[in-house]
Structures are given as C-alpha cells and as structure tokens.
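Subject: Structure handover

Hello,

I am passing this structure on to you, with notes on what was found in it. Please look at it before reading on.

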Amino acid sequence: MGPVNALVERFIPSALVFAIVLTLVVVLAALLLTDSGPKEVVSAWGVGLAGLLAFMTQMSLVLMLGHVLANTRPVRAGLRRLGAIPRGRVMPYVFVALITCLATLITWGLGLVVGALLAKEVANQTSRRGEPAHFPLLVATGYTGMSIWHMGYSGSAPLTAATPDSFVAAQVGEIIPITETTFSWWNMTATAVALLVILGTVALMAPKAGADVAEMPAQSAETDSPTLPAVETPADAVDASRVPTLLLGLLVAAYLAIHFTDGGSLTLDIVNWSFLALILLIVSSPAELVELVKDAASNVGEILLQFPLYAGIMGVMAGTGLITMLSDAMVNISTPQTFGFLAFLSAGLVNFFVPSGGGQIAVQGPILLDAAERLGVDPSVAIMAVSYGDQWTNMIQPFWALPLLAIAGLRIRDILGYTTMILITVGVVLSATLLLVGPGV
C-alpha cells in the first residue's frame, strides 16, 4: 500500500479542486463531442447548478443530525462500548468495515454517519489502550459500505424500477419487483461475496506489527460535552427544561409511527426525521441541543459548496446529450452475454459525473433499458448494472466521502489509496456476477 498512498498523496488534489476539474472536463467534452455550442453548454451548467438543492439539504441534515445524535450523552456511551469490542492488530479495521457495510445495506445515509463515527470511536479506544490504530485506514473502512450500498434495501435504481408510476415501469410496460433485482438470488449471493471480499481486503491492508501509524488528529478527537449556560431567569429555566424537546420528539415519533403503519418506506427524509426524533427524545434540554447543533454545523460547509458543482455537471451531461453518447458507445459493442458487464463499466464511468444514484438511473436508465430490449436482455440486468456501476466507483469519487471526511477531519487523499484497493477487489466480484448472469434468468 505504500507506493499507492505515496502516489495519491502527491497527485490527488482536494475534493473541491477535483469537482472543479471534473466540471471543466465535462464542459470541454460537451463542446468537442456534441453539437452544443458554448452558450448551450454554459446554460445547461447554470440551470443544473440548482438541480440538487433538495438533495443537498437532505445530505446536510444527514451530516448535521448524525453528528448531533452521536454526541448526545447516551449515544456517546453506546459508541464507547461498541468501539471497545475490537482488539488486536486487524480486528479494529475489519469491525468498522463490517458494521459500516451492514448499516449501509439498510440505508446508505445511516452507513455514512455510522462509518465515520465508529471509526473515530475505535481510534479513541485503541489509543487509550496504548495500541493506536492507523486512522486513515479506519476512516477508509468506514466508507467501504458505499461500494455495495446499491445492492441493499435503499438502492435507488431497484426502488425506482419497482415504483408503479416510474419512468422504468412506463418504458418496460410493467414494474420490475425488487424480488428480481435487490432480492434476486444472484444479487444476494454477490452481496455476500462482496462483503467477504471487503473484509478480507481490509484485513490484508492492516498495518504490520510494529509499523508506524498515523493516529487520529487532535482536532478530530472526542470533544467534551457542551457547556450549558447558567439558569438565572425564567427564560433560562425554560431553555434548560427537557419538556419542550421531549414534546416535539414525541410529535415526530408519532408521525414516523403513522408513516410506517400506513405502509410508508424508509427514505432519506425518514432517516433524517428518525435521527431528529431520537435527538429530541434523549437531549436534556433545548439549550443542550443548540450547543450540539453549533458544533455540528461547522461540518456542513463543504457539502454546501461542492454539491452545486456536481449538480452543474449533471446538467451538462443530460442537457447536451453527452451522457447518451457515452452510454451508447459502450452498449453498441456489447452482446447479450456481455451487455451487463459493459453497462456496468459505463455506469461506473458516468458515476464520476453523475454521482447521485437516483440521478444516474434517471439519465442513464432509459438508454440501457432500450439497449437491453434490443439485445433480448432481461431489464433487471440493466437495472442492476447501473446499480453496480454507480456504487463501484464511489471508492474513487469524493462526492459521497464529503460527510465522512468532514466528521473525521481528513482529506480525500488520506483514504484514497485504501479505497482504491476496495474498488479493485469489489470490482472483480461485480464484473464476474454480471458476466455469469449474462442476459438474465
């Protein structure tokens, strides 16, 4: 891993510069490869800038509420107990990867937060025992779940295909139930194998006994509980009372109960409101909540700055037809047996420019579904090929790592050498799965 890390640290820029470079690459590609002129390209980019505003708010809330929840007294106590479980040279890294992957298969938003916070807690615990762990690798293992998230319960593409009024159902003529995608025998088998491969890769990357390790930076270390203002007035007494937050927490919890009782699904919004309900129910007062939010809000800045750039990239890709050109170039050379594999590669490439799973199935799905129909390939293969490609290159795309890196206080270059190894090993599993499945079963 030494040469890989040295190369990454020397040549990979910050996540913001990465987003700027991608923007310029896409703009130039659109000008050179499509019929769009400068005015059309710039307009598509400008209109696209606002394309992820709702999603950006959701992601900011995931980060902020997750950070607040993790720093409440009960959750911090629970994380301490959980972080104390793994011991030895290898198990801390394998443990963080396992918990992160399982959480991400439930819902990717939960996995992102759990991975970062558990990595920090394990780093705290190992340091206290005089057995410091290599913090960049711990944080990288806390990101590994994003390489298999689209195979799990919250996968955007399979859920879209299973929705009656979706564009997939309209194009195919019927819904594609998740029993043929997420819960197909071949996807569930691939998920289990990919998880084992991730754990094995992480174990092999663990520093050798006696090797130098980079401990958690001081600014990322566990902070003290917030200092609450003194109670001197009736207004202070209200701010220090548990009643207001408890009542609001019960109201949010009641809404969640009604949502699930009525058959509602687990969405990113519901994850956020679940975090909020838990926070409101366990904080001691509004004053404590305000202090926790002040600390957590400082981690949201990078998301607010960079997500509009990725939205602009998506705007250019879709508005100029560049994404159609890229996808068609891959599909035109495929056969029924190789379609899934080549579609997977194209989706992995497109993920650099359209890193949102929901956005990617929206812009690339119709093209691949049409190609699958022409080649006689089951549409479920096209759906999962997009899913596999979208999750695969997350390991070298900093978009989804921003919340994790903000919580951990690291740069993308600190973890990219390790996540690149996950990209390689998991990529073998995903490629083999689609080649074996072929046109579908």
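The notes below go from the whole chain to single residues.

This is a predicted model, in which local features need pLDDT of at least 70, side-chain atom pairs count only at pLDDT 80 or more, and totals for chains, interfaces and linings use all residues. Residues are numbered from 1 along each chain as its sequence is written, and side-chain values use heavy atoms, with hydrogens and water left out.

Whole chain

The chain has 22 helices and zero strands; helices (H or I, at least four residues) and strands (E, at least two) are DSSP runs, numbered from the N terminus. Its radius of gyration is 22 Å, close to the 22 Å that the globule rule gives for 441 residues, so the chain is as compact as a globular protein of that length. That radius is taken over C-alpha atoms, and the rule is 2.2 Å times the number of residues to the power 0.38. Along the principal axes, the C-alpha atoms fill a box of roughly 70 × 55 × 45 Å.

Of the 441 residues, 52% are buried. Buried means under 20% relative accessible area, exposed over 50%, and partly exposed in between (1.4 Å probe, protein chains only). Among contacts (heavy atoms within 4.5 Å) with a separation of 6 or more, 82% come from residues 24 or more positions apart.

Core

The largest nonpolar core has 127 residues. Such a core is a set of buried Ala, Val, Leu, Ile, Met, Phe, Trp, Tyr and Cys residues joined through side-chain atoms within 4.5 Å. Phe339, Ile383, Tyr388 and Trp400 have the most contacts inside this core, and helix 22 (residues 412–437) gives the most to it, with eleven residues.

Rings of Phe, Tyr and Trp (its six-membered ring) pair if their centres lie within 6.5 Å; planes under 30 degrees apart count as stacked, over 60 as edge-to-face and the rest as tilted. The ring centres of Trp186 and Tyr388 are 6.5 Å apart and the planes are at 70 degrees, so this pair is edge-to-face. It links distant parts of the chain, with Trp186 in helix 11 (residues 185–205) and Tyr388 in helix 20 (residues 379–392), 202 residues apart. Both Trp186 and Tyr388 are buried. Phe344 and Trp392 form a tilted pair, 4.7 Å centre to centre with 35 degrees between the planes. Here Phe344 in helix 18 and Trp392 in helix 20 are 48 residues apart, and both are buried.

Helix 3

The buried residues of helix 3 (residues 38–48) are Val41, Ala44 and Gly48. They lie on the same side of helix 3, because they cover an arc of only 65 degrees around the axis; the arc is that of the directions from the helix axis to the C-beta atoms. The face turned away from the buried side carries the exposed residues Pro38, Lys39, Val42 and Val47.

Two single residues

Ser346 lies in helix 18 (residues 339–350) and is buried, with a relative accessible area of 2%. A polar atom of the Ser346 side chain lies 2.8 Å from the backbone oxygen of Ala343.

Asp239 is in helix 12 (residues 234–239) and is partly exposed, at 39% relative accessible area. Not counting residues up to four places away in sequence, Asp239 touches Ser285, Pro286 and Ala287.

Regards

Key:
Polar contact = N/O pair within 3.5 Å; in protein donor to acceptor, adjacent residues only side chain to side chain.
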